[in-house]
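Please read it alongside the sequence and the model.

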Amino acid sequence: MNFEPTETQRQITQVIRDFGKIHMQPYVLEWDENQTFPAQLFKQLGELGLMGVLVPEQYGGSGLGYLEYVTVISEIAKICGAIGLSVAAHNSLCTGHILQFGSEEQKQRYLPKLASAEWIGAWGLTEPNTGSDAMNMKCVAHKDGDEWVINGTKCWITHGKSGDVAVVIARTGNVRDSHGMTAFVVERGTPGFSGGKKENKLGMRASETAEMIFDNCRIPAANMLGNEGEGFIQSMKVLDGGRISIAALSLGIAKGAYEAALKYAQERHQFDKPIASFQGISFKLADMATEIMAAELLTMQAADTKTRGGIVTQQAAMAKYYASEVAVKTANEAVQIFGGYGYTKDFPVEKFYRDSKLCTIGEGTSEIQKLVIAREALK
């Protein structure tokens, strides 16, 4: 396996860095402080082809693979983890679910608008009492003639209030039956579908996280994705790709924190020497660089396997688990290297520190990843 960046990946990197300097970097702190979800920014990212990275060109997407996708998410996350999170959720969850399991008519209807970011996507699996216990979901859908009627609440949903279209998994059968859930596409504006509480979060504050509420929400039967009872199985496959997204997100945050700490350690002087010359600091940098490299290799291996159509359940879980833990550790060490300055908002590492923690929680906690890894190993 050769993970040397391709010319396409180099071009993506340069485009994001140039775009980020003008349209992201000057506003990152403001978005974070005010919990602003910069919807217009995503329209601009859509114009660059970054909101439909994996969508084939025939549906208006960029038609790229997972290696390029990892590059997109990690480069954006180096600038702002929150924006990286929203781009990842839009691409791999909502858009990815329709791409993998939608009918041709559904793909033609939704993917062009999602790929251009004319519509922002949301994906609803989690509920207040069913985080990792998804098969115990309470949100239900029942058939009524040519329509499905959805009732219940989803929580911790990226773009839960602002999303224009959502893929929602609801129970259509018995509790804890893996074939008792079905996926549906629900458009904003559908009667009975509304956004609820927006969460006030520690980090990732520019990425909207909110409830989705369904109160006798009626949708056409044509909005069902795949067949009845396939929703949970589909979701587990979508999450395999989504975990590569979070690994890439973690990787970008870790790199951003590391690069800031490396630069600061060479510029900051104590006892008439740059602090990078002291072993206590240089060894921290050595550990950070090594662990980031290991996380990147795990992430690229999973992305390569996914691009080639292989099964990535264990690889994606390994990459997500390790990269997210590395992001937290790296950001923590970066704050330590900055000392008191690292604890202020005048420098970027405090935000990397706050943003990093979600990576160990979202799309399956580190503990769930260990369960997945162990289960696959014991097969």
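F271 counts as exposed because its relative accessibility is 73%, where exposed means over 50% relative accessible area, buried under 20% and partly exposed in between, with a 1.4 Å probe and protein chains only. F271 sits in the loop between β9 (269-270) and β10 (273-274), and its phi is near 55°, a positive value in a residue other than glycine. Strands (E, at least two residues) and helices (H or I, at least four) are DSSP runs, numbered from the N terminus.

H159 also has a positive phi, near 70°, and is likewise a residue other than glycine. H159 is placed in the loop between β3 and β4, and it counts as buried because its relative accessibility is 1%. As background, most residues other than glycine have a negative phi.

## Basis of the model

This is a predicted model, in which local features need pLDDT of at least 70 and side-chain atom pairs count only at pLDDT 80 or more, while totals for chains, interfaces and linings use all residues. Residues are numbered from 1 along each chain as its sequence is written, and side-chain values use heavy atoms, with hydrogens and water left out.

## The chain as a whole

The secondary structure of the chain comprises 11 helices and 10 strands. Its radius of gyration is 21 Å, close to the 21 Å that the globule rule gives for 379 residues, so the chain is as compact as a globular protein of that length; the radius is taken over C-alpha atoms, and the rule is 2.2 Å times the number of residues to the power 0.38. The C-alpha trace spans about 80 × 45 × 40 Å along its principal axes, and 54% of the 379 residues count as buried.

Strand β4 (residues 165-171) is largely enclosed by the rest of the structure, because seven of its seven residues are buried. V165, V167, I169 and R171 point one way from β4, whereas A166, V168 and A170 point the other way.

Strands pair if DSSP finds at least two bridges between them. Four bridges join β4 to β1, and these two strands run parallel, with V168 of β4 as the bridge partner of G124. Seven bridges join β4 to strand β5 (residues 181-187), in an antiparallel arrangement, and here V168 has F184 of β5 as its bridge partner.

## The largest pocket

The largest pocket holds about 1,300 Å³ of space. Of the 49 residues that line this pocket, the closest to its centre are T126, I361, G362, E363 and G364. A pocket is an open set of points on a 1 Å grid over the protein atoms alone, where a 1.4 Å probe fits, with protein on both sides within 12 Å along at least five of seven lines; lining residues have an atom within 4 Å of a point. Grid points are joined across faces, edges and corners, and a volume is the space filled by probe spheres set on the points.

The largest share of this lining, nine residues, comes from α7. By class, the lining has 25 nonpolar, 12 polar and 12 charged residues.

## The second largest pocket

The second largest pocket has a volume of about 710 Å³. It is lined by 26 residues, with Q25, K78, I79, P348 and F352 nearest its centre. Here too the largest share of the lining comes from α7, with six residues.

This pocket lies between domain 1 (7-120) and domain 3 (233-378), because both give residues to its lining; the domain bounds come from an automatic or database domain assignment. The lining has 10 nonpolar, four polar and 12 charged residues, where Ala, Val, Leu, Ile, Met, Phe, Trp, Tyr, Cys and Pro count as nonpolar, Asp, Glu, Lys and Arg as charged, and the others, Gly among them, as polar.
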